Each structure stands twice: as structure tokens, then as C-alpha cells.
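Subject: Handover of a structure and notes on its contents

Dear colleague,

Please find below the structure that I am handing over to you.

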Amino acid sequence: MYFIWHIVLAFFIRIFMIVFSQWYDNDDIGVHYTDIDYKIFTDAAQHMWEGNSPYMRPTYRYTPLIAMLLIPNILLHNCWGKLLFSAFDLAIAIIVRKLVSKSHPSFSNICAYLWLYNPLSIVISTRGNADSISCFLVLITLLAHIKSRYILSAICLAISVHVRIYPIIYCLAYYLSIDSDNNYSSLFKMICIQLFPTRKKILFVVTFILSLFVVTWPWYYFYGQPFLDEAYLYHSRRLDVRHNFSIYFYFNYLQSSFNKISLMHSIATKLPLLILLVSTSFKFSSIKDLPFCMFCLSFIMVTFNTVMTSQYFVWFVSFLPLCYPFINLTFIETINLVMIWVVPQIGWLSFAYCLEFLGFNTFQLIWVESLIFFLANVNILSITIDCYKCNKLKKKL
């Protein structure tokens, strides 16, 4: 019952932020609180309500399902989507509590509070970003998989990939974790045995493929190739030159003047990411390590991706409450890591503000800040892995 009151309080905090955004955004001057994507969602929903394709709205890069869920923005009130995303945000805390209660019951409430009162999760959902839906589906998949309900986890994974393509990076880890046993005499033997297609693994793969087809084909039937191009294929060739924390930011800016992306550029940007994702999936493929594996995969994906925006951070932050009981960091050490992560972002945002609002050419300075932020992320991931399941007693300070 005590936990319910925290849900209620967290709900009212989000309601307050939504009301604040309505008041703050009335001023057409300056930076708005509401994410530009929310306007894109609403415009796409308007097109769907009128019987047209949501892809008539330029820059709509999502499944039509998101636009369909936001049709009440047109019929009821333009805050509907923010309320919906906030509801999924609260549901994430409930799933976190269920997951942690399986391994560390005494930490379950604390870990849920880490999400309920997380400023990042609050801001992202109340600004009108749909990533809370993706994170909810990803965590539901993890919960089903840990319970060995592989058919359900495959279905949930397919839905999450349909909504946002990035959860495809978890597929190998989920596959390897089925019938997994970490007692191997050699690395070669481990790889061969874990890749061997057992009955459960085959069932998981087949269910995933069929489910992905079932949830995707109807939208392809209605909207054709533009649906595949905008919702999925676009992300493989995306070159954002604004609002991009990525280490590849400046290269993207230089490449944007060409009609096509060079093959060498694609290999140089995709190969390191692929190697890290595969090796991490094998390293932490045990069922008991899956939450930490999901965190590492998400962190690597965001850090090494050619596009990195602030809403991507919730992809790995949503796994942090699950990893909290396993990571041996003191309060002071945690604050230090947070500062290592936040300070480079402040520098990046300062130069970005000078570029977009003051008109100064700060592209190279932004790139330097992107390099610093990349090194900070690599350092944070390295420290986190070192502290994972550390045998030392937790220090007080």
C-alpha cells in the first residue's frame, strides 16, 4: 500500500510538469519545453484521422501505431499523448519492482523509486517523447524471459522492435540465455554450445519472426514502402547534424553535403558497434546477468551510435534500477560518475546554444565536446563493469 502512494505522488509530479509545459509553451519566443517530436506525432495522428498516411507529415520516422495512439490528441485534448507516455512511465516502475523482487526483495521499492523520481524519465515523458512505451515493452520482455516464458518474451520483443527498431540489439543475448550454462572449459566450446539451436531456442526465434511479421505486415499493406523507409530503413542511413551528441557528429556534418554515404564511413561507424554488441551478449548471456547485459548493450548502442540524442539516454537508464543491487558503488562514487556524465553535456549544450540561437560557428567546438562526452561514457561503462557483482562489502562513503 505504501508503494501505491509513491505511484500517486509520481503521477501528480508528472501532471504538474504537463500543466507547466502548457503554460510555458504559450510563449512563442525561446526554447519550448515540449519536444518537437510531439508536434510531429500530433500532425501524423491528424493525417491518420483524416484517412491519409501519417507519412504525409515530413520527418515522421515511427510506426503508424504511435500516431494511432495519439489520435485522441485531435479528438480530446493535445495533452493526451503526454498523459499516455507518463502512464507508461509509471508502469515501468511497477515492472522494475517486479524484476528486482525476484533477486533482491529488500531493494525492490528503492529501485522502483529510482525510476519514479528520476528527473530524466519525468522530463522525457512529459515533454511528449514516446520512448517510455519502448522502455516498457523492453522491460516486459525481460520479465517474461527471466520467468522462462519464452514464447511471451519473443512476442513482446517483436512488438518492441516494431515500435522502435533499437531493441533488435537484445535478440542475440536473449537467444544465448536460453538453456544457458556458463560452466565451459574453453571459449570455443562456449560459443559452439550457446549458438547450438535447441528446441526452446528455435521456438523463440520462430515466434519472434512470426510475431514481427504479424504486427508489421498490416501497416505495410496500408502504407507500402514509405512505411518501411521512414520507420526502419531511414535509421540505417541517418545523418543528424543538429541535436546530436555522437562522436560521429562532425563527420555527419561533413558527409551531409554528399548524396550518398561512403562504404568506408558505414563500415568504420558500424563495425566497432557490432563487435561490442556481440561480445557483450556472449559475456553476460546468463539469465541472472540479463538485466546488466541489457544495460551494457543499451549503453554501448547509445555511445557508439552515429546519432545520439537526449531521449536515447532512457534506453539504458531504465535498466539502471535493475542493476543497482549488483553494482558496488558508494554514494560518493555514484555522484562522481554522474558528474563525469553530466558536465560534458553542459559544455556541449552551451556550444549548441551558441550555434542555433546566437548564430556562431561552433561546429568544431561541439565536436570536441562530443569527443569528451564519448570518453566519459567509455570510462563510466568500464567502471560499472568493474564494479558489477564486486565481492567487496559496500562502503558507506
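This is a predicted model: local features need pLDDT of at least 70, side-chain atom pairs count only at pLDDT 80 or more; totals for chains, interfaces and linings use all residues.

Helices H19 and H20

Helix H19 covers residues 331–356 and helix H20 covers residues 363–387; their axes come within 9 Å and cross at roughly 165 degrees. Angles over 145 degrees count as roughly antiparallel, and H19 is therefore roughly antiparallel to H20. The crossing in which H19 passes H20 is left-handed. On the H19 side, the contact is made by Leu337, Ile340, Trp341, Pro344, Gln345, Gly347, Trp348, Phe351, Ala352 and Leu355. The H20 side contributes Phe363, Leu365, Ile366, Glu369, Ser370, Ile372, Phe373, Ala376, Asn377, Asn379, Ile380 and Ile383. Sorted by class, this contact of H19 with H20 comprises 16 nonpolar residues, five polar residues and one charged residue.

Two further residues touch on this part of the model. Isoleucine 385 belongs to helix H20. Its relative accessibility is 34%, so isoleucine 385 counts as partly exposed. The residues touched by isoleucine 385, leaving aside those up to four places away in sequence, are Phe284, Phe292 and Cys296. Of these, phenylalanine 292 is 93 residues apart from isoleucine 385 in sequence, while the C-alpha to C-alpha separation in space is 8.9 Å.

Threonine 303 sits in helix H16, residues 290–304. With a relative accessibility of 2%, threonine 303 counts as buried, because buried means under 20%. A polar atom of the threonine 303 side chain lies 2.8 Å from the backbone oxygen of phenylalanine 299. Setting aside residues up to four places away in sequence, threonine 303 touches Met308, Phe374 and Asn377.

Helices H9 and H12

The axes of helix H9 (residues 150–163) and helix H12 (residues 199–223) come within 8 Å, with a crossing angle of roughly 35 degrees. The handedness of this crossing is right-handed. From H9, the contact involves Tyr150, Ile151, Ser153, Ala154, Ile155, Leu157, Ala158, Ile159, Val161 and His162. From H12, the contact involves Lys200, Leu203, Phe204, Thr207, Phe208, Ser211, Leu212, Val215, Thr216 and Trp219. By class, 14 nonpolar residues, five polar residues and one charged residue form the contact of H9 with H12.

Helix H7 and its surroundings

Helix H7 runs over residues 119–126, and Ser121, Ile122, Ile124, Ser125 and Thr126 are buried in it. These buried residues pack against four helices, namely H1 (2–24), H5 (80–103), H6 (108–116) and H17 (313–317). At the N-terminal end, H7 is capped by asparagine 118, with a side-chain oxygen 2.8 Å from the backbone nitrogen of leucine 120. Just after H7, glycine 128 has a positive phi of about 95 degrees.

The serine 125 side chain forms a polar contact with the side chain of aspartate 89, at 3.4 Å. The serine 125 side chain also reaches the backbone oxygen of serine 121, at 3.0 Å. Apart from residues up to four places away in sequence, serine 125 touches Arg14, Lys82, Phe85, Ser86 and Asp89.

Positive phi values in loops

Another is serine 148, with phi near 65 degrees. Serine 148 occupies the loop between helix H8 (131–146) and H9, and at 46% relative accessibility serine 148 counts as partly exposed.

With kind regards

Note on methods:
Residues are numbered from 1 along each chain as its sequence is written. Side-chain values use heavy atoms; hydrogens and water are left out. Axes are lines fitted to C-alpha atoms, for helices over the stretch in contact, and angles run from 0 to 180 degrees between N-to-C directions. Helices (H or I, at least four residues) and strands (E, at least two) are DSSP runs, numbered from the N terminus. Angles under 35 degrees count as roughly parallel, over 145 as roughly antiparallel, 65 to 115 as roughly perpendicular and the rest as oblique. A crossing is left-handed if the near helix is turned anticlockwise from the far one by less than a right angle, and right-handed if clockwise. Contact means heavy atoms within 4.5 Å. Ala, Val, Leu, Ile, Met, Phe, Trp, Tyr, Cys and Pro count as nonpolar, Asp, Glu, Lys and Arg as charged, and the others, Gly among them, as polar. Buried means under 20% relative accessible area, exposed over 50%, partly exposed in between (1.4 Å probe, protein chains only). A polar contact is a pair of N or O atoms within 3.5 Å; within protein, one must be able to donate a hydrogen and the other to accept it, and residues adjacent in sequence count only if both atoms are side-chain atoms.
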